[in-house]
Amino acid sequence: MIANPDRSRVFLPQPPKAMTPKFPGMNPYLENPALWPEVHSWLIVELARSLNPLLVPKYRAAVEKRVYSDAVLVGIPDASVFEVRPDADFTPATTTQVMPKPVRVTVPQTEERTERYLEIREVKTGRVVTAIELLSPTNKRAGEGRQKYLAKRQKVLNSRTHLVEIDLLRSGDFMPMTAAIPSDYRILVSRANLRPEAELYPFNLRETIPEFSLPLLPQEREPVVHLSDILERAYSEAALDLTIDYSRSPVPPLRDVDEEWVRSLMSL
């Protein structure tokens, strides 16, 4: 028998965690802006990992990145503003300074952002055949992140490169397109040879994530992207269940009916 070298250690039972709900499609808890950068990185890597066995040796999925500065609101507790007022009996010899209690505020500060995306390249020529973008919150709100993304997006749309744009975020503004169907999430597949028309896959929280074919060069067999499976693998390999508190409501908040639906999944 092996003796316990540390008899003073006491292992206390951990409080039970809220049951992890089984979502048919997108997990809304992954949209939290505090968690999304990690989710984004894992999804991009998992996409490349799942696609490359289907693409080689003619193509390969390469992970690329863009870096930009983004103004965000950061709380600064020590930033206090004091108002100085002259007393009614003010004379050059005596002054009274009234210093009211400061109010805590937030001010914009610049942070460096890194966004990763995929390029499907033809190995022989190095040509970028397809660009795969996974949107971030900064792409969907006003600021440099959206401006840079829209400029890159338009450049791709004006080229011979296919574009696959994956939007798994409920909040923010949709990307420009005509006759867009309102939905929680969407996948856009824009084939260079069919523009300006494109294929839009809109879906909502309670629906499964649609599968779609990855466009390549003409006459090539197109692999089917099973995004739901990729999301599940990223969730598992990143151990994201350990960082999510399912007893709380998702951020950003859900519609009331969807909140009730999510709560119902906890009891299944």
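**Close-ups of a predicted model**

Of the protein chain's 268 residues, 37% count as buried, meaning under 20% relative accessible area, with exposed being over 50% and partly exposed in between (1.4 Å probe, protein chains only). This is a predicted model, where local features need pLDDT of at least 70 and side-chain atom pairs count only at pLDDT 80 or more, while totals for chains, interfaces and linings use all residues. Residues are numbered from 1 along each chain as its sequence is written, and side-chain values use heavy atoms, leaving out hydrogens and water.

**View 1. The whole chain, element by element.** The protein chain has 4 helices and 8 strands; helices (H or I, at least four residues) and strands (E, at least two) are DSSP runs, numbered from the N terminus. Reading from the N terminus, you get α-β-β-β-α-β-β-β-β-β-α-α. Take the contacts (heavy atoms within 4.5 Å) between residues at least 6 apart in sequence: 67% of them join residues at least 24 apart.

**View 2. Helix α1 on its own.** Residues 36-55 make up α1, 20 residues that reach 28 Å from first C-alpha to last, close to the 28 Å expected at 1.5 Å a residue. That expected span is 1.5 Å times one less than the number of residues. Buried residues of α1 include Trp36, Val39, His40, Leu43 and Leu47.

**View 3. Where α1 meets α3.** The axes of α1 and helix α3 (residues 227-237) come within 9 Å and cross at roughly 120°. Axes here are lines fitted to C-alpha atoms, for helices over the stretch in contact, with angles running from 0 to 180 degrees between N-to-C directions. The two helices are therefore oblique to each other, the label left over once angles under 35 degrees (roughly parallel), over 145 (roughly antiparallel) and 65 to 115 (roughly perpendicular) are taken out. On the α1 side the contact is made by Trp42, Leu43, Glu46, Leu47, Arg49 and Ser50, and on the α3 side by Leu227, Ile230, Leu231, Arg233, Ala234 and Glu237.

**View 4. Two cis peptide bonds.** One joins arginine 195 and proline 196, with omega about 15°; proline 196 sits in the loop between β5 (185-190) and β6 (199-203). Another joins valine 251 and proline 252, with omega about 0°, and proline 252 is in the loop between α3 and α4 (256-266).

**View 5. Positive phi at two loop residues.** Glutamine 219, in the loop between β7 (212-213) and β8 (224-225), has phi near 75° and counts as exposed at 82% relative accessibility. Alanine 239, in the loop between α3 and α4, has phi near 55° and is partly exposed at 30%.
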